[in-house]
Amino acid sequence: MRYLSECVFRADLSLLAEVRRAGEGIAAHCPWIDVLINNAGLHAFSQRVTSEGYAEMTAVNYLAPWVLTDALRDRLTASASASASASASAPARIVTVASRASLRARTIDPSLDLTDTADLTRVGSSPRYGRSKLMDIMFTQELGRRLQGTGVAVTCCCPGFNATGLGRELPLAGALERALTALGIGNPQHGADIIVKLATDPEFADSTGGYFAARTAKPLQCPEIGRGEAVQRALWEATAELVHDIRRPYDA
């Protein structure tokens, strides 16, 4: 029987060195990890560059999940193997929260987009946010191929519209969120439901590389500009090279 090990690891998810440190700490503390959910994210309406030189939105929404998943990969695959040996009903799972905002991305060029720190406006922030979420979908589908046969189910989802403060940097955002909450619009429970479903439901135990909608769990397609295996592999390889100094090398 597995017992829950309670421990809190703090990290600034905009700083990849902290993400790596937290991931290695979790891996050292936990002999197995059954589920990893990459859920943290932000929508920046003006450009902010981290002390490591990355656009904050790219760092938090895409690079941090990549680095954390990399740090915990061995624990997840070992847990999946142990579950299979014990005839458990589900393998380990990795769930990443993406978004249909990915459709707003106009282009994807891994060699340029990962380090793009150009200024942005409130209006111009939307395609940049969408691009970070597109990268999450591409990451999920490439990771699914790389973990094929390990027993780790890899999926991502669009959580739908949720009044969670994502747009809190906009004027009157607080008042709007309170109004939406009072009207029962954007209930975060709907977004949470699909995340929990992908993480626990036996229906998704063997799913890998899938992208699913909130409420219905309907399969969604990766936007066309990021759909091909070649561009997804190129994004993976560009990311691996970019974070090489803070990552542990493993088989490509």
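The accessible surface of the protein comes to about 12600 Å², and carbon and sulfur atoms hold 54% of that area. Areas were computed by the Shrake-Rupley method with a 1.4 Å probe; for residues, only the protein chains shown count as cover. The model is predicted: local features need pLDDT of at least 70, side-chain atom pairs count only at pLDDT 80 or more, and totals for chains, interfaces and linings use all residues. Residues are numbered from 1 along each chain as its sequence is written, and side-chain values use heavy atoms, with hydrogens and water left out.

Of the 252 residues, 49% are buried (under 20% relative accessible area, with exposed meaning over 50% and partly exposed in between; 1.4 Å probe, protein chains only). Among contacts with a separation of 6 or more, 78% link residues 24 or more positions apart. A contact is a pair of heavy atoms within 4.5 Å.

Seven helices and four strands make up the secondary structure. Helices (H or I, at least four residues) and strands (E, at least two) are DSSP runs, numbered from the N terminus. Their order from the N terminus is α-β-α-β-α-α-β-α-α-β-α.

The four strands form an open sheet in the order β1-β2-β3-β4, with parallel pairing. Strands β1 (35-38) and β4 (210-213) are the edges, each pairing on one side only. On average, neighbouring strands are turned by 20° against each other, direction ignored. This angle is taken between N-to-C directions, on a scale from 0 to 180 degrees, with axes fitted to C-alpha atoms. Pairing requires at least two DSSP bridges between two strands. Five bridges join β2 (residues 93-97) to β3 (residues 153-158); T96 has C156 in β3 as its bridge partner. Four bridges join β3 to β4. Here C157 is partnered by F212 of β4. Both faces of β4 are covered: G210 and F212 are buried on one side, Y211 and A213 on the other.

Nonpolar side chains tend to be buried together in soluble globular proteins. A nonpolar core is a set of buried Ala, Val, Leu, Ile, Met, Phe, Trp, Tyr and Cys residues joined through side-chain atoms within 4.5 Å. The largest such core has 42 residues, of which Y62, W66, L76, I94 and V152 touch the most other members. Two or more residues come from each of α1 (16-29), α2 (56-85), α4 (125-146), β3, β4 and α7 (229-242). Helix α2 gives the most, with ten. V152 touches L76, T77, A80, P91, A92, I94, L147 and T208, not counting residues up to four places away in sequence. A second, separate core has eleven residues, including C157, L198, A199 and A217.
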